[in-house]
Amino acid sequence: MPVYPNQSSSPRELSQDSHFAPRTVPQPSFSVWDRFRGKGRLRVSWTQSLIAILRSSYLNVLLAFVPVAWGVHFVGTVSHTVQFGSCFIALIPLSKLLDYGGENLALYCRKDIGDLIIVTLNNAIQAILSIVLLAHCQLKLVQSTIVGVILLRLLLVPACALITGGARIAAQELHPHLATLNEALLTIGLLAILLPATFFAALNSSNSGGGGAVSDDVRGDILKVSRGLAVILLAMYLCSRVFLHNPPNQSEGIHERKEAPAELKEMVQKMAEEDLEVNPWACLVLLVFTVALVAVIAQFLVESTESMQERHQLKEEWFGLFMLPFISFSAECIISAVYFVHFYLQQYLGPGTSLSPPKTLAKARSVDLSIQFLIFWMPLLVLLAWCSHRPLSLLFDLFEVVALIGATFLVNNVTADAKTSAMTMLALYFMIALTAWFYSGQPAIATMAACVSIHDSLAAEGVPPGSTFTNISFGGFHATLDESQVSNFTEHLLNLKKLYDVLLLVEQSP
């Protein structure tokens with residue numbers, strides 16, 4: 001006769017027993033409003049909520065840089081480097097507060113809705129920064145930042161999660177349906193970027209004999225294609241959220257199905273039983289106030305980016321791909337580094353006070369974050385640019401497209417067997433960073449991303465419309481020339497070579 005487990009055992013204890021499936025305590029069915037009000041759970045006062053927010057992270061001490069960033073901006077006599085640095089540091093604790101507010105607000109919602117809230121708020125800083133860049137018409141920097149955020153979430157964040165957890169988190173179990181859905185969404189988002197690049201490359205190749213691939217007409221066609229693709233991507237993302245919330249021909253969500261991993265079911269159970277720290281109204285006030293501060297400081301930061309790049313000779317491509325995306329990850333990076341050092345010091349110095357690993361990294365939401373930015377925020381930015389009469393398209397630099405292809409290919413491969421290992425992701429991320437440091441970008445793509453008419457832009461530079469461009473770089477000299485300029489430049493070089501040969505003969509003569 002089988003022996004049944006003790007009913008007083010915890011779900012974690014039962015999940016470790018090889019003979020029994022994890023037991024979940026049935027939760028009463030509440031409406032959305034009842035869940036939000038925390039019906040059936042311990043109420044949290046405003047005072048308790050405020051104390052919990054202030055004590056949520058030691059990074060809150062950096063909130064002192066928020067008034068510093070305001071002061072530096074309004075003084076006006078401080079260097080742009082100091083202004084950029086103060087704004088960068090001020091955004092670190094604000095990013096952590098958004099994460100904390102999202103984590104607590106998710107406890108008042110269903111698992112799928114809560115995950116959507118957390119992912120959206122984790123992307124909030126980069127989304128706001130991209131919108132501010134769009135308002136300043138720095139469209140090429142917007143595109144580089146979009147790609148940089150996706151690369152960061154796909155490659156660097158999982159690698160840091162692995163390093164932080166050490167050998168104890170060598171692999172992360174994934175739901176097979178979620179892994180398949182993520183692969184499909186990443187692929188469709190990548191194809192939406194690849195199609196305009198292929199379209200432009202084909203036109204540029206066929207018009208190399210004297211046509212005009214870089215022209216207002218071609219840009220108009222690419223904008224129409226991009227806006228259509230943006231609508232399709234947004235529809236895809238909304239359909240994927242519906243699938244997670246209510247899968248077809250299923251009466252329950254993915255996390256409620258029998259074949260769902262034990263870790264996923266246990267996570268849902270923990271969310272239902274976790275002690276509340278902040279009441280829902282305090283979460284909303286915190287999030288609204290923090291988003292407003294982020295928007296203002298992002299405005300200050302963007303105003304200093306151009307001077308910052310010129311002063312330190314930072315290429316726009318590298319600045320957008322790696323510098324700006326790191327803002328949203330800097331808080332988790334600091335916490336990860338502290339946890340990593342603390343963990344290994346304990347191994348040598350003995351146990352002491354314990355630190356918990358970073359929540360965002362431990363819950364492995366990085367792929368969800370990159371997918372949302374790729375097929376929600378990116379097309380939304382294209383449509384916002386359309387409404388504000390700015391020519392932001394999905395025509396990205398070829399280097400950025402290839403980098404995304406490599407990252408997506410790697411991520412899809414390591415998640416194909418429903419397990420993920422991130423060491424190779426770290427290597428690829430630094431390979432891309434190293435290459436981008438020396439990359440100046442495609443001049444034609446930069447021209448197509450200009451906020452002014454391409455005809456006027458080329459005319460102001462003395463370049464005939466329809467010209468093709470060539471990058472020239474040697475001995476610290478960098479230039480972008482059209483066909484006629486390349487011809488004149490080559491002729492001058494040949495004349496200098498002839499003059500050098502004559503001088504060499506004179507010097508060698510007796």
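Salt bridges, to begin with. In this predicted model, the count comes to three salt bridges.

Lys140 pairs with Glu317, and the closest N and O atoms are 3.3 Å apart. That pair links distant parts of the chain: Lys140 is in helix H8, residues 139–165, and Glu317 is in helix H13, residues 316–323, 177 residues apart. As for accessibility, Lys140 is buried, and Glu317 is buried as well.

The side chain of Lys140 also meets that of Glu400 in a salt bridge, at 3.1 Å from N to O. Here too the link is between distant parts of the chain, with Lys140 in helix H8 and Glu400 in helix H17, residues 398–414, 260 residues apart. Glu400 is buried, as is Lys140. Put together, Lys140, Glu317 and Glu400 are linked in a network of salt bridges. If you have the structure open, select those three residues and you will have the network on screen.

The other salt bridge to mention is formed by Asp216 and Arg219, with the closest N and O atoms 3.8 Å apart. The cut-off is 4 Å, so a distance of 3.8 Å counts for Asp216 and Arg219. Why are these two separated by about one helical turn? Because Asp216 and Arg219 are three residues apart in helix H10, which covers residues 216–245. Is Asp216 buried or partly exposed? Asp216 has a relative accessible area of 30%, so Asp216 is partly exposed. Arg219 is buried, because its relative accessible area is 9%.

Next, the cysteines. The count comes to one disulfide. A disulfide is a covalent bond between the sulfur atoms of two cysteines. Here the disulfide joins Cys137 to Cys451, and the S to S distance in the model is 1.3 Å. I give that number as it stands in the coordinates. The angle about the S-S bond is -95°, and the link of Cys137 and Cys451 is left-handed.

Where do the two ends sit? Cys137 lies in the loop between helix H7, 124–135, and H8, while Cys451 lies in the loop between helix H19, 443–448, and helix H20, 454–460, so the pair ties together parts that are 314 residues apart in sequence. Both ends have some accessible area. Cys137 counts as partly exposed because its relative accessibility is 25%. Cys451 has a relative accessible area of 33%, so Cys451 is partly exposed too.

Cys87 counts as buried, because its relative accessibility is 0%. Cys283 is buried, with a relative accessible area of 1%.

Now the surface. Which residues form the nonpolar patch? Trp46, Trp281, Leu284 and Val285 form the patch, and together they have about 430 Å² of accessible area. The largest share, three residues, comes from helix H12, which runs over residues 280–312. Val285 is one of the residues in helix H12. Its relative accessible area is 49%, so Val285 is partly exposed.

Val61 is in the loop between helix H3, 46–54, and helix H4, 65–75. Is Val61 buried or exposed? Val61 is exposed, because its relative accessible area is 63%. The C-alpha atoms of Val61 and Pro93 are separated by 7.9 Å, and the two residues are 32 residues apart along the chain.

Last, the figures for the protein as a whole. How many helices and strands are there? The protein has 21 helices and four strands. The chain has 510 residues, and 46% of them count as buried. On contacts: of those with a separation of 6 or more, 79% are between residues 24 or more positions apart. The accessible surface of the protein is about 25800 Å², and carbon and sulfur atoms supply 65% of it.

How values were computed:
Residues are numbered from 1 along each chain as its sequence is written. This is a predicted model: local features need pLDDT of at least 70, side-chain atom pairs count only at pLDDT 80 or more; totals for chains, interfaces and linings use all residues. Side-chain values use heavy atoms; hydrogens and water are left out. Patches are made of residues with over 30% relative accessible area and no salt bridge: like charges are joined within 9 Å, nonpolar side chains (Val, Leu, Ile, Met, Phe, Trp, Tyr) within 5 Å. Accessible areas come from the Shrake-Rupley method with a 1.4 Å probe; for residues, only the protein chains shown count as cover. Buried means under 20% relative accessible area, exposed over 50%, partly exposed in between (1.4 Å probe, protein chains only). A disulfide is a pair of cysteine sulfur atoms within 2.5 Å. Contact means heavy atoms within 4.5 Å.
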